[in-house]
Amino acid sequence: MFNTEGNCDWCNRHRLLIRHDYIDGKYNHSCESCNDLAKIDVRLFNTDEIALRNKMAESLHS
Ligand SMILES: [Zn+2]
């Protein structure tokens, strides 16, 4: 839902925004035209973060 008004974190324009949550608790807002890109960015970040956590968990156990 694009229900927040403010500056898009991707294009910096003042628009209606949707929130994207990162798994570390942070979040960014994107406008409709940046939404696809934002989704990819957030997914990549979260995938990396999960991989990193798994690696750290493994090194703790070994
Ligand atoms: Zn934007």
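# Close-up views of a predicted model

**View 1. In the hairpin of β1 and β2, which places 6 residues between its strands, Asn-12 takes a positive phi near 70°.** This structure is a predicted model, in which local features need pLDDT of at least 70 and side-chain atom pairs count only at pLDDT 80 or more, whereas totals for chains, interfaces and linings use all residues. Residues are numbered from 1 along each chain as its sequence is written. Strands (E, at least two residues) and helices (H or I, at least four) are DSSP runs, numbered from the N terminus, and two strands pair if DSSP finds at least two bridges between them. Strand β1, residues 4–7, runs antiparallel to strand β2, residues 14–21, and 4 bridges join the two. Within this pairing, Glu-5 stands opposite Leu-16 in β2. Asn-12 itself belongs to the loop between β1 and β2, and its positive phi occurs in a residue other than glycine. Because Asn-12 has 10 C-beta neighbours inside 10 Å, this residue counts as exposed; the scale calls a residue buried if 20 or more other C-beta atoms lie within 10 Å of its own, exposed if 12 or fewer, and partly exposed in between, with C-beta atoms placed from the backbone.

**View 2. The hairpin of β2 and β3 has 5 residues between the strands, and here Gly-25 takes a positive phi near 95°.** Strand β3 covers residues 27–30 and is joined to β2 by 4 bridges, the two strands running antiparallel. Two pairs of facing residues can be picked out along this stretch: Ile-18 stands opposite Ser-30 in β3, and His-20 stands opposite Asn-28 in β3.

**View 3. An open sheet is formed by 3 strands, in the order β1-β2-β3 and with antiparallel pairing.** The strands β1 and β3 stand at the edges and have a single partner strand each, so one side of each is left without a neighbour in the sheet. On average, neighbouring strands of this sheet are turned by 55° against each other when direction is ignored, where the axes are lines fitted to C-alpha atoms (for helices over the stretch in contact) and angles run from 0 to 180 degrees between N-to-C directions.

**View 4. The largest nonpolar core consists of 5 residues, namely Cys-8, Leu-17, Cys-31, Cys-34 and Ala-38.** A nonpolar core is a set of buried Ala, Val, Leu, Ile, Met, Phe, Trp, Tyr and Cys residues joined through C-beta atoms within 7 Å. Cys-8 sits in the loop between β1 and β2 and counts as buried because 21 C-beta neighbours lie inside 10 Å. Cys-31, in the loop between β3 and α1, is likewise buried, with 21 other C-beta atoms within 10 Å. Two residues are in contact if their C-beta atoms, placed from the backbone, lie within 7 Å. Leaving aside residues up to four places away in sequence, Cys-8 touches several residues, including Leu-17, Cys-31 and Cys-34, while the partners of Leu-17 counted in this way include Phe-2, Cys-8 and Cys-31. Cys-31 is in contact with Cys-11, among others, and the C-alpha atoms of Cys-31 and Cys-11 are 8.2 Å apart in space although the residues are 20 apart in sequence.

**View 5. Helix α1, residues 35–61, reaches 39 Å from its first C-alpha to its last.** This span is close to the 39 Å expected at 1.5 Å a residue for its 27 residues, the expected span being 1.5 Å times one less than the number of residues in the helix. The helix is hardly covered, since the count of buried residues among its 27 residues is 1.

**View 6. Read along the sequence, the protein follows the pattern β-β-β-α.** Its radius of gyration is 15 Å, well over the 11 Å that the globule rule gives for 62 residues, so the protein is more spread out than a compact globule; this radius is taken over C-alpha atoms, and the rule is 2.2 Å times the number of residues to the power 0.38. Along the principal axes, the C-alpha atoms fill a box of roughly 50 × 20 × 15 Å, and 13% of the 62 residues count as buried.
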